[in-house]
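Subject: Structure handover

Hello,

Here is the structure for you to look at. My notes on it follow below.

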Amino acid sequence: MESKVQIKNYMENLVANQLESIMKKNNYPCFCDICKADITALALNHLPAQYCTTEKGDRYAKLNSYEYQSIIDVVTAITNAIEIVEKHPRHNINE
């Protein structure tokens with residue numbers, strides 16, 4: 001019997017929730033799916049994973065994410081990723 005347990009990295013939610021507002025604040029010129037995905041991936045690669053498998057774990061990760069340092073880390077990672085993607089966008093590359 002297969003298990004329906006999902007493993008979730010809560011940092012993905014934090015980055016997704018902040019991404020577009022930070023892109024707007026940084027006057028990022030392109031909001032295409034490729035740029036947003038590249039920025040998200042780069043930001044997540046520079047943030048510690050916050051994995052959870054239960055609702056209790058999810059709530060704990062949410063509480064932990066409200067710590068001031070967590071917010072600063074997410075904003076910094078997204079801002080740094082924006083700078084990289086802006087210099088090397090892939091949205092014109094046909095893959």
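In which element does Val 85 lie? Val 85 lies in helix 4. More on that residue further down.

First, the ground rules. This is a predicted model, in which local features need pLDDT of at least 70, side-chain atom pairs count only at pLDDT 80 or more, and totals for chains, interfaces and linings use all residues. Residues are numbered from 1 along each chain as its sequence is written, and side-chain values use heavy atoms, with hydrogens and water left out.

Overall layout

The chain has four helices and two strands. Both kinds of element are DSSP runs numbered from the N terminus: helices are H or I with at least four residues, strands are E with at least two. Along the sequence the order is β-α-α-β-α-α. Of the 95 residues, 34% are buried. Buried means under 20% relative accessible area, exposed means over 50%, and partly exposed lies in between (1.4 Å probe, protein chains only). Take the contacts in the chain with a separation of 6 or more: residues 24 or more positions apart account for 80% of them. Contact means heavy atoms within 4.5 Å.

Helix 4 covers residues 68–87, which is 20 residues. At 1.5 Å a residue it should span 28 Å, and its end C-alpha atoms are 29 Å apart, which agrees. The expected span is 1.5 Å times one less than the number of residues. The buried residues of helix 4 are Ser 70, Val 74, Ala 77, Ile 78, Thr 79, Ala 81, Ile 82 and Val 85.

Helix 2 has 13 residues. From first C-alpha to last it reaches 18 Å, close to the 18 Å expected. Its buried residues are Cys 35, Lys 36, Asp 38, Ile 39, Thr 40, Ala 43 and Leu 44. The buried residues of helix 2 pack against helix 1 and helix 4.

How the helices pack

Two packed helices are described by the angle between their axes and the distance between the axes. Here the axes are lines fitted to C-alpha atoms, for helices over the stretch in contact, with angles running from 0 to 180 degrees between N-to-C directions.

Helix 2 and helix 4 pack at about 130 degrees, with their axes 8 Å apart. They are therefore oblique to each other. Angles under 35 degrees count as roughly parallel, over 145 as roughly antiparallel, 65 to 115 as roughly perpendicular, and the rest as oblique. The crossing of helix 2 and helix 4 is right-handed. That term applies if the near helix is turned clockwise from the far one by less than a right angle; anticlockwise is left-handed. On the helix 2 side, Cys 35, Asp 38, Ile 39, Leu 42 and Ala 43 take part. They meet Ala 77, Ile 78, Ala 81, Ile 82, Ile 84 and Val 85 in helix 4.

The axes of helix 1 and helix 4 come within 10 Å and cross at roughly 60 degrees. That makes helix 1 oblique to helix 4. This crossing is right-handed too. Helix 1 makes the contact through Met 11, Leu 14, Val 15, Gln 18, Leu 19, Ile 22 and Met 23. Helix 4 contributes Val 74, Val 75, Ile 78, Thr 79 and Ile 82.

The core

The largest nonpolar core has 20 residues. Such a core is a set of buried Ala, Val, Leu, Ile, Met, Phe, Trp, Tyr and Cys residues joined through side-chain atoms within 4.5 Å. Val 15, Tyr 28, Ile 39, Val 74, Ile 78 and Ile 82 touch the most other members. Helix 1 (10–25), helix 2 (33–45) and helix 4 each give two or more residues to this core. Helix 1 gives the most, with seven.

Residues to inspect

- Val 85 is buried, with a relative accessible area of 3%. Leaving aside neighbours within four places in sequence, Val 85 is in contact with Tyr 28, Cys 35, Asp 38, Ile 39 and Leu 42. Val 85 and Cys 35 are 50 residues apart in sequence, yet 6.9 Å apart C-alpha to C-alpha.
- Tyr 28 touches Met 23, Cys 35, Ile 39, Ile 82, Val 85 and Glu 86, not counting residues up to four places away.
- Asn 27 lies in the loop between helix 1 and helix 2. Asn 27 has a positive phi of about 55 degrees although it is not a glycine. It is exposed, at 62% relative accessible area.
- Gln 6 lies in the segment before strand 1 (8–9) and is exposed, at 64%. Gln 6 touches Cys 52 and Thr 53, again not counting residues up to four places away.

Best wishes
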